Amino acid sequence: MEKNKLNILINTPSLANHYVAELRDTTIQKDSMRFRRNLERLGELLAYEISKTLPYTTATLTTPLAQTETKLLAEQPVLATILRAGLPLYQGMLNYFDKAYSTFVGAYRVEEENTQLQINMEYLASTNLHDKILILADPMLATGRSLVESYQGMLRHGKPKQVHIAAAIAAPEGLAYVQQKVPEAYIWLGALDDHLNERSYIVPGLGDAGDLAFGPKV
Ligand SMILES: O=c1cc[nH]c(=O)[nH]1
């Protein structure tokens, strides 16, 4: 596959626009079940778009009336995500790639006054990634640093032959960082926003995806 390496869903009007709009809307955000489900629905759409670019083989199957040929995925991708905010977007992808194996990373941002944002990575549970098609789902591609560090950590478990990075919303700064550090990746976004603010939040964005999905951290 050598199609466009950057794909932005809401640039083509579709239901993705509704799901991104609801994710951003402060009134609808009060319903955390709907917030999670909207991330999940976006994950489903992103998975479907990615599925159009994956390799397929021809298979013969038997219906009650005849034999017929169809195209089926040549192999399952591996789905990876970063805890905890990544879970709903990942779940949407798993709904569609329902036989995929999974990789989980625990990474968190440490915000300290007058210092650069620190990323701590403390947990990695990965399936074998050697020669696999890897889809890494992270809802908010902000600085891109936790995503790149997570990806680099995952490489201890094998070098994938193809990498897809999927996010609900990205900032141009994070997108540029990921494109520079992981140039081999195909990038799939719900929306590409305007900028990062001084606390590394995406503007207009939607706020803190993890808190909105699972409650505020202490
Ligand atoms: O805007 C942002 C940036 C990172 N993580 C979030 O949840 N929101």
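## The β2–β3 hairpin

Thr-62 has Gln-67 of β3 as its bridge partner. The two strands concerned, β2 (residues 56–62) and β3 (residues 67–73), pair in the antiparallel sense over 7 bridges, and a hairpin of 4 residues joins β2 to β3. Strands count as paired if DSSP finds at least two bridges between them. Strands (E, at least two residues) and helices (H or I, at least four) are DSSP runs, numbered from the N terminus.

## Basis of the model

The model is predicted: local features need pLDDT of at least 70 and side-chain atom pairs count only at pLDDT 80 or more, while totals for chains, interfaces and linings use all residues. Residues are numbered from 1 along each chain as its sequence is written, and side-chain values use heavy atoms, with hydrogens and water left out.

## Surroundings of the ligand

The ligand is surrounded by 9 residues, the closest being Tyr-201, Ile-202, Gly-207, Asp-208 and Ala-209; a residue is near a molecule if one of its heavy atoms lies within 4 Å of it. This shell divides into 5 nonpolar, 2 polar and 2 charged residues. Here Ala, Val, Leu, Ile, Met, Phe, Trp, Tyr, Cys and Pro count as nonpolar, Asp, Glu, Lys and Arg as charged, and the others, Gly among them, as polar.

An oxygen atom of the ligand lies 2.8 Å from a backbone N or O atom of Ile-202, and a backbone N or O atom of Ala-209 is 2.7 Å from an oxygen atom of the ligand. A polar backbone atom of Gly-207 lies 2.7 Å from a nitrogen atom of the ligand. On its own the ligand has 240 Å² of accessible area, of which the protein covers 91% (Shrake-Rupley method, 1.4 Å probe).

## The second largest pocket

The second largest pocket holds about 260 Å³ of space, a volume being the space filled by probe spheres set on the grid points. It is lined by 16 residues, and those closest to its centre are Ile-8, Leu-9, Thr-12, Glu-49 and Lys-52. On a 1 Å grid over the protein atoms alone, a pocket is an open set of points for a 1.4 Å probe, with protein on both sides within 12 Å along at least five of seven lines; lining residues have an atom within 4 Å of a point.

β1 (6–8), α1 (15–24) and α2 (32–51) each give two or more residues to this lining, and α2 gives the most, with 3 residues. The lining divides into 8 nonpolar, 5 polar and 3 charged residues.

## Backbone geometry

Most residues other than glycine have a negative phi, and most peptide bonds are trans. The bond from Leu-83 to Arg-84 is cis, with omega near -5°; Arg-84 lies in the loop between β4 (78–83) and α3 (87–96). Val-203 and Pro-204 are also joined by a cis peptide bond, with omega about 0°, and Pro-204 is in the loop between β12 (202–203) and α6 (209–214).

Asp-131, which is not a glycine, has a positive phi of about 65°. This residue is found in the loop between β6 (118–125) and β7 (133–137).

Definitions and conventions:
Polar contact = N/O pair within 3.5 Å; in protein donor to acceptor, adjacent residues only side chain to side chain.
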